[in-house]
Amino acid sequence: MRNSRLTFSLLGVVAAFMLAVGVNMLADRLLGAARADLTENQLYTLSPGTRQVLGGLQDPITLRFFYSRKLGAEAPQFGAYAERVREMLREYVATSRGKLRLEIFDPEPFSEVEDRAVALGMQGVPLDQAGEQVYFGLAASNQVDEERNIPFFQPERERFLEADLTRLIFELSSPAKPVLGVMSPLPLNGDPRAMMMRQPALAQPQVVMRQLRENFTVQDIAFDVQVIPPEVRILLLAHPQDLPEAAQYAVDQFVMRGGKLFLMIDPHSEMQAARPGPGGRPPTNTASILPRLLEAWGIEAPADRVVLDLRGAWRVRAAPTERVQAVDYIAWFNLQGDSVNRQEVATALIEQVTVASSGYLRPRPNAGIEFIPLLTSSAQSMLVDAARVRSEPSPTRILADFRADGERRVIAARVRGNLRSAFQEGAPAPAEGVERPADFPAHLARSEGAANLVIVHDTDLLEDRFWVRVQEFFGQPVANPFSGNGSFVVNVADTLAGSDAMISLRSRGESQRPFELVEDIRRQADAQFRQSEQQLTERLQATERRLRELRQGTGGEGARNTNQTVITAEQRAEIDRAREEIANTRRQLRAVQLELRRDIETLETWLRVFNIALVPVLLTLFAVVLGVLRSRRRARARA
């Protein structure tokens, strides 16, 4: 009887094993393409934008995927990533209804395939000292032999894989790009003085300009232009500092004729302030505004006030004289959560935008325009004089004086409506010695239909250091965004151009995933610490000053001779009290800082333990409960 039960048990184990193998083989054959994407942002699922691009393909496109198996053998992380790229490409092909064709190559060293990969722009990476090169890239071409490629798939850009692939296909399927005019005194295309300043990195264009060129035909517009060229569909006017009157008229009439304006002004341009002026000294005027145009269009944008926001403030290095290593600089902050308008297409999927020393916007009373906020500060904000941020940018002092007033400020907004020209009297006279062009258009006193423009009261979101890290990979620059500034700018330009197929792609996976609760608690505690520190520091300085006076015999009642060398018992007691007070104050300062650090570290530890241990604990509890229930069921069956 016992041997029989053992035999049945063994047969049961063997049958279960065979059943498991059979189910896996069947599932692999029938459900090979099935996926369950459990990530929060659905990073492994084709987005509606991708499906829209693939569904709109009219002509066939060939994708040539070059991947060296030796790369995966030597570096398994590349092997896993290559498998994901391959599966993603197959998903694209399956969704394209036959418009995409995929070819896969393994370029062996010194083979014809390797020559072809090099000819198509693939980037070879040396695998060993022998000079053998490996490849991991994609080349694509359309019917008219236009080509686009991804020279090497960087694992750091895995979050942007879908965006990169879809952009490549989109560019091949839509070769005609809208013309974007760029009008700015800022060195967006690189600073020509970079070599003279011995900073060659400044010669490189800002990453956002490279992104704009991928989506638009970018045309630089001179600052003294009299007429915006008719082929320009969108005009990006950034930091219009001292814009000539004739150019203001050109911008005004561009809007009146139905042109789409993307205007960026600033109460304090950090980009301009970080670079020496023509005389080699820091510029004193770093603000830009167009009061005449904005007033006529019904917008208020004070140029003398800067928004401070505690929520999302950047952590920066404190001055060497500070007691702490890092401090929140509340003039530079990330806009997250409800600070980003989720109802607008351009910002619906953007997680975060970073601004620096930004101003605010609001509609003028009875302006008769539609004013739609895109970016808004949190309620933990206040205003400060722009001059203070410009001349005394001390993060510690600004934080110590910070008092949130509970009001939220609009930093970027979309404006629609029938606008009135800022030049009701007509075109201004041209400057002396300048003639008007022959095709100078007729004056318009009002916009032809509803004007559509976007205004941002900050220009620093264009600068790389506020949203992207650029690293070299075997001589090629690789951009890894930590904020969505680039997506915001390109999305806004896309919506103004009337094309939004790519918006959902750019907005995916560009956010950091910080412990928001920890960050909020840390910022609140840090702000309280700064206020306590400021009070304690002032008391400490007063006591130290009093101590010096006592030692020198120049302070207190009955001023003493400065040459006095013998002190009285009362003086000695007062000096001792002052020393004791200094020691107590310093002790309190250390205690406040220690308590702040201890609370944050404890909270972070508990959150990490919770995140790591939650799933195993739940599974263990489930197994225990299941075991107990089965045990009770068997016990009842025996009874």
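Where is the place of histidine 239? In this predicted model, local features need pLDDT of at least 70 and side-chain atom pairs count only at pLDDT 80 or more, whereas totals for chains, interfaces and linings use all residues. Residues are numbered from 1 along each chain as its sequence is written, and side-chain values use heavy atoms, with hydrogens and water left out.

Histidine 239 is placed in the loop between β9 (234-238) and α8 (245-256); helices (H or I, at least four residues) and strands (E, at least two) are DSSP runs, numbered from the N terminus. Although histidine 239 is not a glycine, its phi is positive, at about 60°. With 1% relative accessibility, histidine 239 counts as buried, a term that denotes under 20% relative accessible area, while exposed denotes over 50% and partly exposed the range in between (1.4 Å probe, protein chains only). A positive phi of about 60° is also found at phenylalanine 110, again not a glycine. Phenylalanine 110 belongs to the loop between β2 (100-105) and α5 (112-119) and is exposed, its relative accessible area being 76%.

Aromatic pairs number 17 in the structure. Rings of Phe, Tyr and Trp (its six-membered ring) pair if their centres lie within 6.5 Å; planes under 30 degrees apart count as stacked, over 60 as edge-to-face and the rest as tilted. For phenylalanine 66 and phenylalanine 105, the ring centres are 5.0 Å apart and the planes stand at 20°, so this pair is stacked. It links distant parts of the chain, since phenylalanine 66 lies in strand β1 (residues 61-67) and phenylalanine 105 in strand β2, 39 residues apart. Phenylalanine 66 is buried at a relative accessible area of 0%, and phenylalanine 105 counts as buried at 17%.

The pair of tyrosine 81 and phenylalanine 136 is edge-to-face, because the ring centres are 5.6 Å apart and the planes are at 80°. Tyrosine 81 is in helix α4 (residues 76-95) and phenylalanine 136 in strand β5 (residues 136-141), so the pair ties together parts 55 residues apart in sequence. Both tyrosine 81 and phenylalanine 136 are buried.

A positive surface patch comprises Arg630, Arg632, Arg633, Arg634, Arg636 and Arg638. Patches are made of residues with over 30% relative accessible area and no salt bridge, like charges being joined within 9 Å and nonpolar side chains (Val, Leu, Ile, Met, Phe, Trp, Tyr) within 5 Å. Arginine 630 is located in helix α16 (residues 569-638) and, at 40% relative accessibility, counts as partly exposed.

Notes: Accessible areas come from the Shrake-Rupley method with a 1.4 Å probe; for residues, only the protein chains shown count as cover. A salt bridge is a side-chain nitrogen of Lys or Arg within 4 Å of a carboxyl oxygen of Asp or Glu. Lys and Arg count as positive and Asp and Glu as negative; His and the chain ends are not counted. The place of a charge is taken as NZ of Lys, CZ of Arg, CG of Asp or CD of Glu.
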